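Here are my notes for a first look at this model. Please read them with the structure open.

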Amino acid sequence: MSRTEPIIVGPGQTRHADGRSLVVPDELQCKVRTSDLGGRLCIMLADHAPWEGPPLHTHRDGDEWFYVIKGEFVYEVGGKLHRVVEGGSLVAPQKIPHRYINGPLPGTLFVGLTPGGRLEEFFEEGARRRRNPSPTPPTREEMVALFAKYNVDYIGGRLTEDDFKKATT
């Protein structure tokens with residue numbers, strides 16, 4: 001697919017079909033959908049509350065890039081902890097287990113996945129599930145199936161405040 005027109009997304013706007021609400025970050029705005037560039041790239045802006053972040057997972061077919069706009073984050077990539085502050089970035093290579101946690105203040109990330117895969121679809125489904133919650137939390141098997149549907153392997157477990165402190169002291 002070849003584009004001839006620019007993609008313009010204003011402040012606070014998203015290209016998500018399902019709006020800003022989703023499961024992993026507190027708020028997310030899709031700035032470039034995977035379909036915008038023929039599958040090559042997906043870019044999102046993610047706001048995180050203190051001590052929030054995704055569970056341990058891998059992307060089967062994409063490298064994930066994080067750029068810290070605001071805050072301080074600790075990432076675990078391949079079993080090692082890395083502190084990344086405002087203006088810093090980190091790439092989690094495909095098939096390498098990774099997760100992160102925001103620090104004690106609200107934080108904001110740019111997140112890119114290349115190739116784009118189906119990342120925004122994953123978050124859109126999460127948004128639908130959040131708006132229509134089940135009376136019981138999803139089982140591990142349900143989480144594994146949800147992640148797998150979008151070429152992500154759910155390993156489980158989030159980083160904790162103690163993990164953050166270990167990496168920043």
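Is Gly112 buried or exposed? Gly112 is buried, because its relative accessible area is 4% (buried means under 20%, exposed over 50%, partly exposed in between, with a 1.4 Å probe and protein chains only).

1. Basis. This is a predicted model: local features need pLDDT of at least 70, side-chain atom pairs count only at pLDDT 80 or more, and totals for chains, interfaces and linings use all residues. Residues are numbered from 1 along each chain as its sequence is written, and side-chain values use heavy atoms, with hydrogens and water left out.

2. Gly112. Find Gly112 in strand 9, residues 107-114 (strands are DSSP runs of E, at least two residues; helices are runs of H or I, at least four; both are numbered from the N terminus). Beyond neighbours within four places in sequence, Gly112 is in contact with Cys42, Ile43, Asp63, Glu64 and Trp65 (contact means heavy atoms within 4.5 Å). Val32 is 80 residues away from Gly112 in sequence, yet their C-alpha atoms are 9.0 Å apart.

3. The end of strand 9. Thr114 and Pro115 are joined by a cis peptide bond, with omega about -10 degrees. Pro115 sits in the loop between strand 9 and helix 1 (119-131).

4. The core. The largest nonpolar core has 26 residues (such a core is a set of buried Ala, Val, Leu, Ile, Met, Phe, Trp, Tyr and Cys residues joined through side-chain atoms within 4.5 Å). Met44, Phe66, Tyr75, Leu90 and Leu109 have the most contacts inside it. Outside its sequence neighbours within four places, Leu109 touches residues including Met44, Phe66 and Tyr75.

5. Glu76. This residue belongs to strand 5 (72-77). Glu76 counts as buried because its relative accessibility is 13%. Its side chain makes a polar contact with that of Arg99, at 2.7 Å (a pair of N or O atoms within 3.5 Å; within protein, one must be able to donate a hydrogen and the other to accept it, and residues adjacent in sequence count only if both atoms are side-chain atoms).

6. Positive phi. Lys95, a residue other than glycine, has phi near 70 degrees. It lies in the loop between strand 7 (89-92) and strand 8 (98-102). Lys95 is exposed, because its relative accessibility is 57%. Asn151 has a positive phi too, near 60 degrees. Its place is the loop between helix 2 (140-149) and strand 10 (152-154). At 27%, Asn151 is partly exposed.
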